[in-house]
Amino acid sequence: MARRLLNPVNAQLDEHLPADHKLSKVYRVGAGLTGLLLIVFGILGLINQIGFFDTRGDTVLALNTNGTLSILSICIGALLVLGMVIGGSFASTLNITLGLLFIASGFVNLALLDTGLNFLAFRIQNVLFSFVVGVMLMWFGMYGRVGSALPHDNPYWRARHPEQAAREDRARAFVPVSPRAPRSA
């Protein structure tokens, strides 16, 4: 009963995806491009030699930053690049998880704007960036993985509907033999 409540459609995010599946390219590209963007942002922030917990921050690529946010951006970017290298379900799950964390970070830092607890030197443009990157990462991670209209050859659809997938496999494998025509004498 508890299992059914926690997993109502019998879907899991850690299902196996073949490494050469075409969906893996979407997960990899999404993780890689976002990771590279964060690494560049972090490196440019460190080059400016801003204080690590400076709440005033400095502007880099139209976003406010400080040393802590720069290092955090490099670390998260490196994690996304690792997801790109590994690919498959790992990249997808990583994109979804980090996307959720970016959205949560946007809300937390929105609450901390103009307070002494704003140790990442966020401004409203950083909050909006966090929301956009979060939604984008989630889209990359969920692409082809969730939805009501997944094709029946999709590995995630097949994992969620094993009985129907087995019936379809049997139907494809069954090749009816045409009956012989009666022989004429």
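Just after H4, Asp114 takes a positive phi of about 60°. Helices here are DSSP runs of H or I with at least four residues, numbered from the N terminus.

Before going on, the ground rules. This is a predicted model, so local features need pLDDT of at least 70 and side-chain atom pairs count only at pLDDT 80 or more, while totals for chains, interfaces and linings use all residues. Residues are numbered from 1 along each chain as its sequence is written, and side-chain values use heavy atoms, with hydrogens and water left out.

H4 itself has 25 residues, and at 1.5 Å a residue these should span 36 Å; the end C-alpha atoms are 36 Å apart, which agrees. The expected span is 1.5 Å times one less than the number of residues.

Now the packing. H3, residues 67-86, meets H4, residues 88-112, at an angle of about 155°, and the axes are 7 Å apart. Axes are lines fitted to C-alpha atoms over the stretch in contact, and angles run from 0 to 180 degrees between N-to-C directions. H3 and H4 are therefore roughly antiparallel, a term for angles over 145 degrees. Which residues make the contact? From H3 they are Ile76, Leu79, Leu80, Gly83 and Ile86, and from H4 they are Gly88, Phe90, Ala91, Leu94, Asn95, Leu98 and Phe102. Contact means heavy atoms within 4.5 Å. By class, that is 9 nonpolar, 3 polar and no charged residues, with Gly counted as polar.

On to H5. H4 and H5 pack at about 160°, again with axes 7 Å apart, which makes H4 roughly antiparallel to H5. Their contact has 16 nonpolar, 9 polar and no charged residues.

Last, the rings. The whole structure has 2 aromatic pairs, meaning Phe, Tyr or Trp rings (six-membered ring for Trp) with centres within 6.5 Å. One of them is Phe107 with Phe131, tilted, at 4.9 Å centre to centre and 55° between the planes. Planes under 30 degrees apart count as stacked, over 60 as edge-to-face and the rest as tilted. Phe107 lies in H4 and Phe131 in H5, residues 124-142, so the pair ties together parts 24 residues apart in sequence.

Technical notes:
Helix = DSSP H or I, 4+ residues; strand = E, 2+ residues; numbered from the N terminus. Parallel < 35°, antiparallel > 145°, perpendicular 65-115°, else oblique.
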